[in-house]
Amino acid sequence: MARMKFVCDAERCIECNGCVTACKNEHEVPWGVNRRRVVTLNDGVPGEKSISVACMHCSDAPCMAVCPVNCFYRTDEGVVLHDKDICIGCGYCSYACPFGAPQFPTNGAFGLRGKMDKCTFCAGGPEVNGSQAEFEKYGRNRLAEGKLPSCAEMCSTKALLAGDGDVVADIFRNRVVQRGKGAEVWGWGTAYGSKQAGQPSAGAKS
Amino acid sequence: MKRAGKLLAGMVVFAGLVACGEKPQTLGVNKSDISAYQGAQNQFVAPGWKVGDKTSWEQGLKTRAKNSQNEYSKTN
């Protein structure tokens, strides 16, 4: 198996935040913590693009590199996880991460910073797979249940793909070849129909 | 004078022993995670794969990904 990966198709994402809701519901993520969120570029301008962002489970993870207590580890499937029993909540990972994935729950009037929380690729943590202890700290372990991350499986337009990197790449490649890419997949023609809509233009397709 | 020398020697020996008794400050080892293909201990495990069999688990996930995320395979 290749590494587990997410990819978000900006041509399909409609900023519905279904992935965000699915994640929060699946893992009972506390108020103020968003393991996943949707980012929109040029919001309100024709041609705006949205993508769903969470931990990208980097191959050379900067969070892992800067953690002073070495609480991160990587599974055989390439999922970057952390141990909340070791985490000291210093926030270094938050500064190192280019995606803003690490989250810090706050509670109380003075904003006490708790242990770091982030997307687990629905793979739980070091506790026994599927146990109550694991659920309370990290949420559901869907991978151990033979399922893919909830955000991707709930995505209504299938903009967000998750799973084995090879499979995800195959799905995305097939999609791009079928629909084309670039300007012809967005706009009046695609929305309301035209002879060219959805048809790959001659040549220049990868 | 002799007493001061003994005191000084005692202090040196004590300092040396303190250095020897310093606790190691190495980082703890991460807890090893149980592989996902070992299955979850709850009633939500999806059917269609054999718990504990890595190949079966991988194939199950691949099939699930293709069936649930690639609508082109259904429409074309």
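The following paragraphs lead through a predicted model of two chains, from their overall make-up to the places where they meet.

Residues are numbered from 1 along each chain as its sequence is written, while chains are lettered from A and ligands numbered from 1 in the order in which they are written. In this predicted model, local features need pLDDT of at least 70 and side-chain atom pairs count only at pLDDT 80 or more, whereas totals for chains, interfaces and linings use all residues.

The secondary structure of chain A comes to seven helices and eight strands. Chain B has three helices and zero strands, and its elements run α-α-α from the N terminus on. Helices (H or I, at least four residues) and strands (E, at least two) are DSSP runs, numbered from the N terminus. Of the 206 residues of chain A, 35% count as buried; in chain B, buried residues make up 14% of the 76 residues. A residue is called buried if 20 or more other C-beta atoms lie within 10 Å of its own, exposed if 12 or fewer, and partly exposed in between, with C-beta atoms placed from the backbone.

How many residues of each chain take part where the two chains are in contact? The contact joins 30 residues of chain B and 34 residues of chain A. Two residues are in contact if their C-beta atoms, placed from the backbone, lie within 7 Å. On the side of chain B that touches chain A, α2(B) gives the most, with 10 residues. The residues of that side divide into 12 nonpolar, 11 polar and seven charged. Here Ala, Val, Leu, Ile, Met, Phe, Trp, Tyr, Cys and Pro count as nonpolar, Asp, Glu, Lys and Arg as charged, and the others, Gly among them, as polar.

An α-helix has 3.6 residues a turn, so residues three or four places apart point the same way.

The buried residues of α6(A) are A:V167, A:V168 and A:I171. Seen down the axis of α6(A), these residues fall within an arc of 100 degrees, so they line one face of the helix. They pack against β1 (4–8) and β8 (160–164) of chain A together with α2 (54–69) of chain B. Just after α6(A), A:G180 takes a positive phi of about 90 degrees.

The largest nonpolar core has 43 residues, and those with the most contacts inside it are A:F121, A:A123, A:A152, A:L160 and A:A162. Such a core is a set of buried Ala, Val, Leu, Ile, Met, Phe, Trp, Tyr and Cys residues joined through C-beta atoms within 7 Å. Among the elements that each supply at least two residues of this core are β1, β8 and α6 of chain A, together with α2 of chain B. Not counting residues up to four places away in sequence, A:A123 touches residues including A:T75, A:L81 and B:A36.

Finally, A:G124 lies in the loop between β7 (112–113) and α4 (132–138) of chain A. Is A:G124 buried or exposed? With 31 C-beta neighbours inside 10 Å, A:G124 counts as buried.

Terms used
Arc of directions from axis to C-beta.
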